[in-house]
Each structure stands twice: as structure tokens, then as C-alpha cells.
Amino acid sequence: MAGHQREKVVLDEVHHNQILRELYLRELRTQKLYTEYHVNPLGKVHTITRKPMAWHDNLEEPADARFLNLIHHAAQGPRKKYPETQTESQEIGWDSEPLVNPERNDRRLNHFRVYNDITLYKAKLWSLGEDNSRK
């Protein structure tokens, strides 16, 4: 009883062709054909040293301007590459210019430590420890 066997359904060619067509269309939806390849600008470039006596390594090759531009562009910082932030974490510190002009002689904004006789005496007393002076 446990070994009931189902009868195999015999597929006709039309039904079989429809199943293959659905599989084919499903594969085409997930595939993307890459025809243009380029260097990953985020990856590190590993250089291999040349052999000094090999003639093919000592030939001068012309510089590829497009490749050099791509490498120089990848080496730039994000503020030079993009006009505005690309991620939320770049928003912190993107505009690093001060909001107010940092003039050092403006007394309203800069409160420098000024020493005169009394403040020099008290600063020296605190550096030695004020508790020692009361004993």
C-alpha cells in the first residue's frame, strides 16, 4: 500500500516545447551580456617588476589617455568627483568651510587666555596644587 505508483503522464511535443520555452525565457530574464570591460577603479593595481634583460619588457608603449584619465579620476576624493553627496555618511563634513570668517583679531568670537599679575599668580598656584598653600 505504501508503494503506490503514479502513472507517468506522457507529455506531447507541444506541452514539452512550452516547458522548454518557459525555462528559456526565465534564463534570459536573469542573464546580462557584458560586452564592455574596464578596469575596476576601486581595486588596487599590482605592479610587477620588469626583467632587465628581456627585450619585450623594455619596449616603450604609448600611453592610453582614456585609461590614464580613468585612473586619475578614481584617485580623486569624493568632493572633487561629485558636486553633491552620494551617501548619507558623506553629508557629515561635506561642507567643511567655516560659517563665520575666522578672524583672529575679532574679540567677539575669540576669547584668548590673557595673563596679568593676578592671573599668573593664581595659575601658578593651581599648577602646584592649591591645597598646599593653605597649610
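A salt bridge here means a side-chain nitrogen of Lys or Arg within 4 Å of a carboxyl oxygen of Asp or Glu. The structure, a predicted model, holds one of these. This is a predicted model, so local features need pLDDT of at least 70 and side-chain atom pairs count only at pLDDT 80 or more, while totals for chains, interfaces and linings use all residues. Residues are numbered from 1 along each chain as its sequence is written, and side-chain values use heavy atoms, with hydrogens and water left out.

**The salt bridge**
- Glu-36 pairs with Arg-66, with the closest N and O atoms 4.0 Å apart.
- Glu-36 sits in the loop between helix 1 (13–30) and helix 2 (65–75) and Arg-66 in helix 2, so the pair ties together parts that are 30 residues apart in sequence.
- Glu-36 is exposed at 57% relative accessibility, and Arg-66 is exposed too, at 62% (exposed is over 50% relative accessible area, buried under 20%, partly exposed in between; 1.4 Å probe, protein chains only).

- The protein has five helices and zero strands (DSSP runs numbered from the N terminus: helices are H or I, at least four residues; strands are E, at least two).
- The radius of gyration is 37 Å, well over the 14 Å that the globule rule gives for 135 residues, so the protein is more spread out than a compact globule (radius taken over C-alpha atoms; the rule is 2.2 Å times the number of residues to the power 0.38).
- The C-alpha trace spans about 110 × 70 × 35 Å along its principal axes.

**Burial**
- Buried residues make up 4% of the 135 residues.
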